[in-house]
Amino acid sequence: MALRFFNTYSRELEEFEPRDPAARTIGIYTCGPTVYSHAHIGNFRAYIFEDLLQRHLELRGYKAHRVMNITDVDDKTIRGAREAKVPLARFTEQFKQAFFEDVETLRIKRADEFPAATDQRYTDRMIEMIGALIARGLAYQADDKSVYFRINKFPNYGKLAHFDLSQLQSTGRVKHDEYDKEHIGDFALWKAWDEEDGDVKWDSPWGPGRPGWHIECSAMATALLGDQIDIHCGGVDNIFPHHEAEIAQSEGVTGKKFVRYWLHCAHLLVDGQKMAKSLGNFYTVPDVLAKGYTGRELRYALLRVHYRVPLNFTWEGMHEARESLGRIDEWLTRLREIAQEENVQRSTSNAQSPIEKSDFENSLDDDLNISAALGFLFESIRETNRAMDENKLDAASAKAWLDWWKRINTVLDLEADVEIMIPTEVAQLAKERENARREKNWERSDELRDQISALGWEVRDTKDRPKLTRRGAE
RNA sequence: GGCGGGGUAGCCAAGUGGUAAGGUCGCGGUCUGCAAAACCGCUAUUCGCGGGUUCGAUUCCCGCCCCCGCCUCCA
């Protein structure tokens with residue numbers, strides 16, 4: 001099946017054709033965090049979706065050149081720095097660091113570049129772009145000294161969001177004192193300095209000020225990926241106005257189609273509601289870790305639902321993630337044991353399976369249908385487990401399954417980390433328990449099992465020997 | 001009001017014009033000293049509601065209801 005994605009621009013599933021088919025390198029721009037506070041798990045749902053996208057493109061033989069911006073100057077960061085009474089850069093630094101820690105915890109592949117809006121390379125580029133837009137009549141400086149984009153001069157404005165500009169209504173979310181604009185939909189390219197900004201300002205041909213939010217993405221995207229990029233992603237809430245503005249600015253400057261495929265991720269809900277600090281359902285990655293869950297468990301929970309469907313985050317869902325991963329872990333452990341038994345005779349080899357091994361990746365070709373892909377994984381697990389129960393899976397077959405897993409795990413990245421060493425205390429208790437069992441002292445044996453359990457380990461008596469595992473562990 | 005996305009078992013969630021993947025939870029069974037893991041069986045006569053097209057619709061069309069989001073700086 002051909003690789004296809006749902007393009008927000010056309011609202012249709014489209015076959016993916018990179019801009020440059022020969023080069024096999026895909027330019028991907030993904031809107032990153034605004035570092036004014038700790039990013040929440042809803043933000044990370046979008047980043048995990050982008051991670052899945054990149055990894056699957058790579059599985060399909062493409063090379064991704066991915067850029068994720070860091071917005072380190074805007075109203076919220078300035079306000080935060082002022083309230084904390086520290087310089088802007090110092091204020092944002094802590095959240096940048098936290099962001100990168102969370103990225104690692106969730107096993108999200110790092111983008112190739114993380115440009116920051118305040119980097120002079122990009123502020124220069126923003127000023128250059130704004131100048132070009134003014135020269136083309138697409139932007140103007142208003143009486144308040146700020147520079148605005150003139151949306152009436154850009155006929156395509158509204159195409160991405162499918163908005164009729166005459167119907168734009170103010171939701172009252174933005175202050176209403178912007179009488180200086182020609183059209184209510186005109187958005188700021190350059191925001192003139194005011195006292196609230198303190199020492200946060202850059203010089204420009206239009207006086208001191210700072211970039212508008214949208215222009216930074218246009219500047220960084222075109223600077224690092226060129227005038228035209230293959231895929232641009234973000235959350236659905238970015239469609240309007242942010243991505244609409246990016247199109248207007250970028251195409252207004254370059255005159256070329258800015259993005260070939262727009263992919264947008266649906267929101268994460270918590271207990272069926274939008275996540276909000278006021279509702280007390282606002283979680284960061286460390287919040288989830290503090291509840292005893294691991295990064296890979298959260299990764300699984302955020303990954304398992306198709307990106308265009310709203311995902312409801314619940315603790316029950318986290319439990320489900322843990323159990324499902326445990327099932328994968330057990331399966332891999334069994335396969336590895338059999339793969340090592342070179343000379344053991346099996347009654348018959350049973351590598352045959354009604355599940356085609358390519359079903360997993362073919363599902364991902366279909367607009368990243370991860371739920372269907374995981375369905376195939378679990379069906380495969382059940383079938384190979386059955387074969388192993390019946391002693392019908394030989395070492396070669398086990399190895400083949402492990403190779404398959406290795407391949408799909410380049411996309412999933414859900415394997416448990418290397419086995420944690422069994423603590424000597426646990427090993428000692430297990431040994432004592434074996435002695436008790438040999439003497440058929442079941443009471444003592446069960447008591448020792450409880451003690452082992454209290455230490456976070458589970459003991460299982462198999463035919464060969466008792467096995468110790470740590471459930472729910474990284 | 002405009003524009004999107006969604007409504008499938010207790011929960012999460014695929015899917016197709018031909019009679020419902022998978023995960024999780026629960027129950028019963030095999031195995032086990034007992035467990036655990038694994039496997040087997042059971043758990044949606046039905047896919048928000050009402051019409052229509054069709055031999056046949058959960059899947060296509062029309063209308064309606066509900067949930068979520070966006071409508072100027074939230075992923």
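This talk covers the cavities, one hairpin and the salt bridges of the structure above.

First, the ground rules. This is a predicted model, where local features need pLDDT of at least 70, side-chain atom pairs count only at pLDDT 80 or more, and totals for chains, interfaces and linings use all residues. Residues are numbered from 1 along each chain as its sequence is written, chains are lettered from A and ligands numbered from 1 in the order in which they are written, and side-chain values use heavy atoms, with hydrogens and water left out.

Cavities, then. Rolling a probe the size of a water molecule over the atoms shows where empty space is left. A cavity here is a set of points, on a 1 Å grid over the protein atoms alone, where a 1.4 Å probe fits but cannot get out; lining residues have an atom within 4 Å of a point. Points are joined across faces, edges and corners, and volume is the space filled by probe spheres set on them.

How many cavities of 30 Å³ or more does the search find? Three, over the whole structure. Helices and strands are DSSP runs, numbered from the N terminus (helices H or I, at least four residues; strands E, at least two). Which helix gives the most to this lining? That is α1, with four residues. Both α1 (41-59) and α8 (295-303) supply at least two.

By class, the lining of the largest cavity has nine nonpolar residues, one polar and one charged. Nonpolar means Ala, Val, Leu, Ile, Met, Phe, Trp, Tyr, Cys and Pro; charged means Asp, Glu, Lys and Arg; the others, Gly among them, are polar. Domain 1 (4-265) and domain 2 (286-412) each contribute at least three residues to that lining. Those bounds come from an automatic or database domain assignment.

The second largest cavity holds about 40 Å³. Around it sit, among others, Arg66, Met68, Phe99, Lys109 and Arg110. Here β4 (63-68) and α3 (88-105) each supply at least two lining residues. The count is six nonpolar, no polar and three charged.

Next, the hairpin. Strands β1 (residues 4-7) and β2 (residues 12-15) run antiparallel, joined by four bridges; strands pair if DSSP finds at least two bridges between them. Asn7 has Glu12 as its bridge partner in β2. Four residues lie between the strands, and Arg11 takes a positive phi near 60° in this hairpin.

Last, salt bridges: a side-chain nitrogen of Lys or Arg within 4 Å of a carboxyl oxygen of Asp or Glu. The structure holds 33. Take Asp365 and Arg60, at 2.8 Å, N to O. Asp365 is in helix α10 (residues 359-365) and Arg60 in the loop between α1 and β4, 305 residues apart. Buried means under 20% relative accessible area, exposed over 50%, and partly exposed in between (1.4 Å probe, protein chains only). Asp365 is buried, at 3%. Arg60 is partly exposed, at 23%.

Arg150 and Glu182 also meet at 2.8 Å, N to O. Is Arg150 buried or exposed? Buried, at 17%. Glu182 is exposed, at 52%.

Arg107 pairs with Asp413 at 3.8 Å. Arg107 is in the loop between α3 and α4 (120-135), Asp413 in the loop between α12 (395-412) and α13 (424-438), so the pair ties together parts 306 residues apart in sequence. Salt bridges with shared partners put both into one network with Asp51, Arg55, Arg299 and Asp417.

Definitions and conventions. 1 Å grid on protein atoms, 1.4 Å probe; cavity = no way out; pocket = protein on both sides within 12 Å on 5 of 7 lines; lining within 4 Å.
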